[in-house]
Amino acid sequence: SGILGRGESVWNGWFLGMLTHRFSAIARKRGEVDKAEYYASYSQGLAKALEKHAWDGRWYRRAFLDSGTVLGSRKLSEFKIDSIAQSWAVLSGLAPKDHVEKAMDSTFAELFDGSNMKLLTPALKNAPFDPGYLKDYPPGVRENGSQYNHAALWAVQAFFKSGNADNAMKVLNLINPFKRTDSPEKSKEYRVEPYVVASDIYAEPSYKGRGGWTWYTGSAGVMYRTILEYLFGVRVEEGYLVLNPSLPSDWTTATINYNRAGTIYKITYEKPVD
């Protein structure tokens, strides 16, 4: 168990490791000790394999192709880094703290340019390898190096979870359609509805800032949960309402109205003033 072979996606490894870790805890609560130990061992094996084969020195690699090409490696001229492998290293809770910090610092330095949070960079154009249909898109469009909002929101979650709320908000503001259309000039650039979440926002000069496929409920749902659960820290765990906010440094107060089971909770956070 826990062996990464060719053709494997690293972020899937983090996700599976997280699930098996959670399954272990559930099995233990049910008194199923053998299952709990099996799932825990599987999760630990995956984490060790990911550290051994996927760590690239400053971030985690994305995938291993059947040809032997390693996507998301510093050795490449294109597809050197992607955000998803880094985000899920954080969200899985399995990666070492020092690697997580380096990976998220690299994510922000390499993929955030002030107007887009790219899925990967540099975009594929002349690379001799073919990782699939994403190469069919022009550079900076959809999965080929655009701001792919589903993945960008995972990065927001990872920044919040790792304690960097300021970077999280910078990325979240680039996804928010209200922020993308708060001036006539920006609306002309965005060119899609200002009241729904787009699936992606193009990143290359010819199309930069243009919204892609809209009415994309997947990104909308992830955005809602990201704001509610990671920014404001509102979660329901085993029937209890748990509050664990991660507010940006320039926020002094925040209020949220949360409707649960017909009861509206007005929750106000206030930071102490020095």
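So, is Thr226 buried or exposed? Thr226 is buried, as its relative accessible area is 0%; buried here means under 20%, exposed over 50% and partly exposed in between, with a 1.4 Å probe and protein chains only.

Quick housekeeping. This is a predicted model, where local features need pLDDT of at least 70, side-chain atom pairs count only at pLDDT 80 or more, and totals for chains, interfaces and linings use all residues. Residues are numbered from 1 along each chain as its sequence is written, and side-chain values use heavy atoms, with hydrogens and water left out.

Back to Thr226. You'll find Thr226 in helix α9, residues 217–231; helices are DSSP runs of H or I, at least four residues, and strands are runs of E, at least two, numbered from the N terminus. Leaving out residues up to four places away in sequence, Thr226 touches Leu153, Val156, Gln157 and Leu231, where contact means heavy atoms within 4.5 Å. Phe160 sits 66 residues from Thr226 along the chain, yet their C-alpha atoms are 9.1 Å apart.

Now the core. The largest nonpolar core has 60 residues, and Trp14, Tyr60 and Val171 touch the most other members. A core, by the way, is a set of buried Ala, Val, Leu, Ile, Met, Phe, Trp, Tyr and Cys residues joined through side-chain atoms within 4.5 Å. Helix α5, residues 149–161, gives the largest share of this core, nine residues. There's also a second, separate core of ten residues, with Leu71, Leu120, Leu124 and Ala127 among them.
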